[in-house]
Amino acid sequence: MCRHLAFLGPPVTLRALLVEPPWGLYRQAWAPRMQRHGTVNADGFGVGWYAPGDPVPARLRGGGPIWGDPSFADVARVTRSGAVLAAVRSATAGNAGGPGAAAPFAGGPDEPWLFSHNGALTDWGRSLDGPAGALPVAALLALEARCDSALLWGLVLHRLRGGAEPGEALTEVVREVAERVPGRMNLLLTDGRTVAATAWGDTLFVRRGWPPPAGPGPVGTVIASEPFDDAPGWEEVPDGSVVTAAAGDAPRVRPITATTVPVRNARPAGSGGGTAGAGRDGGGGGGAGRSGRRDGEDVSA
Ligand code: GLN
């Protein structure tokens with residue numbers, strides 16, 4: 001499985017966000033700590049970020065390991081942004097290689113979106129005729145790669161263009177696809193002002209308050225496949241949930257089928273008290289779509 005991360009907050013360098021943390025996404029490319037599927041993430045990488053005054057993100061992507069890219073280190077050192085989505089890829093069977101299959105995926109030239117998928121769909125090329133058939137031909141032709149992640153992005157983008165909210169678009173696609181094929185769908189989406197993510201078969205964590213606030217001002221939020229350091233404040237998102245966050249606001253976690261409740265009671269990951277919400281849904285690792293939660297049940301993380 002890939003590892004991915006999104007950040008909203010006061011501008012930081014890509015290096016501070018991705019390379020300098022002891023277990024940063026850069027290092028997760030060869031030494032992830034919580035990866036359940038695959039071993040290293042050397043089949044591609046991508047970083048998308050927003051520059052001041054421009055709602056359309058820039059992307060740097062490659063089809064090989066992030067540590068072998070000749071440009072990444074320089075770009076990361078001098079680029080600052082308050083909204084970033086990045087991923088390192090371990091390609092799953094049946095999917096194309098190359099930079100076009102590396103997240104983040106983006107919308108059209110005037111659209112603000114960045115999207116990533118951590119997971120895999122079984123037999124996706126044969127079993128998703130229904131959902132794919134609802135896409136305009138132009139949207140199918142615009143898919144960047146022959147890859148489950150690119151198709152999922154096409155399905156999400158179609159809903160966003162139809163006016164769905166980000167969390168709603170992700171939730172609908174997870175539901176629709178999960179009815180047809182087994183799979184893992186940890187999805188991550190930003191427009192530079194908000195982030196939405198699903199935990200559907202793999203680990204997902206939220207941390208509010210990174211970087212450590214230097215004074216009054218907006219508080220940064222990170223949503224990531226796994227913590228990039230051992231500092232307190234990382235909260236695990238229960239499997240089978242969608243989390244949404246806007247810059248400065250507390251993230252909200254809700255079951256894919258139920259009402260929104262705020263994240264609260266931060267506990268450090270691995271503190272011995274179990275992961276947030278784990279006591280409520282039977283462990284949080286029960287696999288995609290098997291959380292067993294009831295509508296309206298509190299899943300505060
Ligand atoms: N299935 C996707 C791909 O092949 C995502 C991979 C992953 O999460 N490892 O790119």
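**Charged pairs and cysteines**

Trainee: What relative accessibility does Arg-61 have?

Mentor: Arg-61 counts as partly exposed, a class lying between buried (under 20% relative accessible area) and exposed (over 50%), with a 1.4 Å probe and protein chains only. This is a predicted model, in which local features need pLDDT of at least 70, side-chain atom pairs count only at pLDDT 80 or more, and totals for chains, interfaces and linings use all residues. Residues are numbered from 1 along each chain as its sequence is written, and side-chain values use heavy atoms, with hydrogens and water left out. For Arg-61, the relative accessibility is 21%.

Trainee: Which residue forms a salt bridge with Arg-61?

Mentor: A salt bridge needs a side-chain nitrogen of Lys or Arg within 4 Å of a carboxyl oxygen of Asp or Glu. For Arg-61, the closest N and O atoms are 2.7 Å apart, and the partner is Glu-144.

Trainee: How many residues apart in sequence are the parts that Arg-61 and Glu-144 tie together?

Mentor: Helices (H or I, at least four residues) and strands (E, at least two) are DSSP runs numbered from the N terminus. Arg-61 sits in strand 3, while Glu-144 is in the loop between helix 6 and helix 7, so their pairing links parts whose separation in residues is 83.

Trainee: Which arginine meets Glu-144 in a salt bridge at 3.1 Å?

Mentor: The partner lies in strand 3 (residues 58-62), so this pair ties together parts that are 85 residues apart in sequence. Glu-144 is partly exposed at 32%, and its partner at 3.1 Å, N to O, is Arg-59.

Trainee: What distance separates the closest N and O atoms of Glu-20 and Arg-15?

Mentor: Both residues count as partly exposed, Glu-20 at 49% relative accessibility and Arg-15 at 35%. They form a salt bridge, and the closest N and O atoms are separated by 3.2 Å.

Trainee: How many salt bridges does the rule give?

Mentor: The pair of Glu-20 and Arg-15 meets the rule, as does the pair of Arg-61 and Glu-144. The count comes to 14.

Trainee: How many disulfides are there?

Mentor: A disulfide needs a pair of cysteine sulfur atoms within 2.5 Å. Cys-2 is buried at 11% relative accessibility, and Cys-147 is buried too, with a relative accessible area of 2%. By the distance rule, the number of disulfides is zero.

Trainee: How far from Cys-147 is the nearest cysteine sulfur?

Mentor: Cys-147 is in no disulfide. The nearest cysteine sulfur belongs to Cys-2, at a distance of 8.2 Å.
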